[in-house]
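Hi,

Here is the structure I promised to pass on.

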Amino acid sequence: MAPSSDIVANVHSSIDSSNKTLLKSDALYTYILNTTVFPREPECMRDLRLVTDKHPSGYMQSSADEAQLLGMLIKMAGAKKTIEVGVFTGYSLLATALALPADGKVVAIDTDRDCYEVGRPFIEKAGVAHKVDFREGPGLDRLAELLAEQEQEDGGEATYDFAFVDADKPNYVNYHEQLLRLVRVGGTIIYDNTLWGGTVAMPLGTLMSGLDTRFSAAIRDLNGKLAADPRVEVCQLAIADGVTICRRLV
């Protein structure tokens, strides 16, 4: 077995909202944040972001530039009915709720209500709590419930405009199949962490932590399947930890 010094350390161990990027220049990323991101970040989002940075798992939080991108895409698409799988403390959820129109809705799914409760006061203070339908439990189960509701209410026709996935990486390929039945043709599905700290480009067999090994393999599998999936148009961006945008075609 190789010595521990040859093992790639946990790739997200030193991440917070100030450095969640794959850019090689810290100065360039700081410039982006300070020039076009932080000056336009709503106060409620900034406050939640800073609180989440102090959480033991704060590295799981979406970056500020990624949240800005999500909000803009929702507005550009005119989305009103959305899904978020993987909420954590709700930073990206708050970005979504703020971007949605007054009658918009986001079904927010997560297994950890305690983490969601960290962000809930900020969502309420922002005046967008009425847009959020939080559903506690495993993503696959809650999405299956949405499919059952869709069958009863809409005859099985997909009616969601937008979905954002930032949950358990090994299930991304399974979420994809469910979301293609929930998000309408022309709608958008976005997957987070699709470059997993750059590990997807490392040589096969590179020694990493157990979690990074599992998740990197799952993300590589997802990336390959999305690239070959004729049902979606795909664009992968090197923003934050890798963001892949899918537009449903059929």
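I call a residue buried when its relative accessible area is under 20%, exposed when over 50%, and partly exposed in between (1.4 Å probe, protein chains only). Bear in mind that this is a predicted model, where local features need pLDDT of at least 70, side-chain atom pairs count only at pLDDT 80 or more, and totals for chains, interfaces and linings use all residues. Residues are numbered from 1 along each chain as its sequence is written, and side-chain values use heavy atoms, with hydrogens and water left out.

Let's start with α5, which covers residues 113-125. (Helices are DSSP runs of H or I with at least four residues, strands are runs of E with at least two, and both are numbered from the N terminus.) Its buried residues are C115, Y116, G119, F122 and I123, and these pack against α2 (43-53), α4 (91-99) and β3 (132-136); contact here means heavy atoms within 4.5 Å. After the helix comes G127, with a positive phi near 80 degrees.

Next, T194, in the loop between β5 (183-192) and α8 (210-227). T194 counts as buried because its relative accessibility is 0%. Beyond its neighbours within four places in sequence, T194 touches several residues, including V200, I219, L222, Q236 and T244.

Last, β6 (232-237) and β7 (243-248) pair antiparallel over six bridges; pairing takes at least two DSSP bridges between the strands. C235 sits opposite I245 of β7.

Cheers

Key
Expected span 1.5 Å × (residues − 1).
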